[in-house]
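Visitor: Hi, I'm new to this one. Could you walk me through it?

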Amino acid sequence: MKNFILFTSPFYFFMGCFYFIVDPEGIGYLIIFSFFPCVVAGWMIGLKKKLSFKVLTTMYVVAYSIFQYSFYLIYNSVLIQALYYIPVFLILNYHYKMRTLILWAIYIMISFLSPFLLSRYINISHPLQLSRTEDMVQNISTIITVLFCIFFVLHYLKIFNKIKENKILQIQNENLLQPQVPAADIHPNNAAITTVNKSKPYQDKFDELYQNAIKCLEEKKLWQDPSFSLNQLAEMLNTNRTYLSKALKEKGNTNFNNLLNHYRIKQVLEDFDSMEHKNYKISSIFQKAGFAYQASFNRVFKQVTGCTATEYLQQQEKYEV
């Protein structure tokens, strides 16, 4: 957020000056010059209150939407302003589900139609009379800024995805490659047996679903696809993600991410034992196994083996000698 404010500040200053020149009697430049300090103040307060990134970006999106709507309400002929909602949707897509995006799209449609409806009853619009040069300057600056915002948002969302993935890996089970034992076998007491007996039909279904999931993964080597998801596996097994997750937990004592990483590390170790690293780079080996990022591979590999891939290969060479 700090970098975003830093890099967009020249644009807001430029647009504020632009609207002061082309429309000195209007309030467009006042809206622009007041919006930016509000964003900075909100960001500083948010950090002081230790608000999460999701809360901070949501606050920014809401504030920006109010600002953009006010601007469009006054200058209802400036349709190019709609481009600014593209980076907004990218941010929302990272944090929220499709339902929220649909509601936001409905809001945007209403906001763009409302000036035409309100103008019948209230004369609040103040259309700009721009020259051809001024209109071109506005359009070019808008397009350039929107493109910058899109690349900026995509770049940082990629970073945040890495951080999110690493946080997931930090809480993974240390016994990732250990044989998974059903809960009933771990706690063989009367209460557990009674519970299993009462829910036997469901347990049988879970067992069947778990076995089918393992069979599907192993036959098609689905873990090699870095983007392979729980939803995709559930769809292939004609079930839903909730039911599948419960089957993995009940019968495999694991979750989807752990299961994929189990097979990925297993494949990497098999490739190391087959001396694949003599012909290919380590990056090629872990990417072939399904790891999208080196950071996630390094973390999982060390968590499983207790050493890095380089250290593992060095130890392997010593044994060979």
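Guide: Helices (H or I, at least four residues) and strands (E, at least two) are DSSP runs, numbered from the N terminus. This is a predicted model, where local features need pLDDT of at least 70 and side-chain atom pairs count only at pLDDT 80 or more, while totals for chains, interfaces and linings use all residues. Residues are numbered from 1 along each chain as its sequence is written, and side-chain values use heavy atoms, with hydrogens and water left out.

Visitor: How many helices and strands are in the chain?
Guide: The chain has 15 helices and zero strands.

Visitor: OK, at what angle do H12 and H14 cross?
Guide: Roughly 80°, and the axes of H12 (residues 256–273) and H14 (residues 294–305) come within 11 Å. That makes H12 and H14 roughly perpendicular to each other; angles of 65 to 115 degrees get that label, under 35 is roughly parallel, over 145 roughly antiparallel and the rest oblique.

Visitor: Which residues meet there?
Guide: From H12 you have Asn261, Ile265, Val268, Leu269 and Phe272, and they meet Phe297, Val300, Phe301, Val304 and Thr305 of H14. Contact here means heavy atoms within 4.5 Å. By class, this contact of H12 with H14 has eight nonpolar, two polar and no charged residues. Ala, Val, Leu, Ile, Met, Phe, Trp, Tyr, Cys and Pro count as nonpolar, Asp, Glu, Lys and Arg as charged, and the others, Gly among them, as polar.

Visitor: Tell me about Val268. Is it buried or exposed?
Guide: Val268 counts as buried, because its relative accessibility is 0%. Buried means under 20% relative accessible area, exposed over 50%, and partly exposed in between (1.4 Å probe, protein chains only).

Visitor: And what does Val268 touch?
Guide: Leaving out residues up to four places away in sequence, Val268 touches Ile285, Phe286, Ala289, Phe297 and Phe301. Val268 and Ile285 are 17 residues apart along the chain, and their C-alpha atoms are separated by 6.5 Å.

Visitor: How many residues of H12 are buried?
Guide: H12 is mostly covered, with 14 of its 18 residues buried. Across the chain, buried residues make up 37% of the 321 residues.

Visitor: What happens at the start of H12?
Guide: A side-chain oxygen of Asn255 reaches to within 3.2 Å of the backbone nitrogen of Asn257. Just after H12, Met275 takes a positive phi of about 65°.

Visitor: New topic. What about phi of Asn238?
Guide: Phi of Asn238 is near 55°, a positive value in a residue other than glycine. Asn238 is in the loop between H10 (230–236) and H11 (241–252), and it is exposed, with a relative accessible area of 74%.

Visitor: And where does Asn253 lie?
Guide: Asn253 lies in the loop between H11 and H12. Its phi is near 50°, also positive in a residue other than glycine, and at 38% relative accessibility Asn253 counts as partly exposed.

Visitor: Last one: how do H2 and H3 pack?
Guide: H2 (residues 28–48) and H3 (residues 53–74) pack at about 170°, with their axes 10 Å apart, and are therefore roughly antiparallel to each other. Their contact includes Phe35 and Trp43 in H2, and Tyr60 and Phe67 in H3. The residues of that contact divide into 13 nonpolar, four polar and no charged.

Technical notes: Axes fitted to C-alpha atoms, helices over the stretch in contact; angles between N-to-C directions. Polar contact = N/O pair within 3.5 Å; in protein donor to acceptor, adjacent residues only side chain to side chain.
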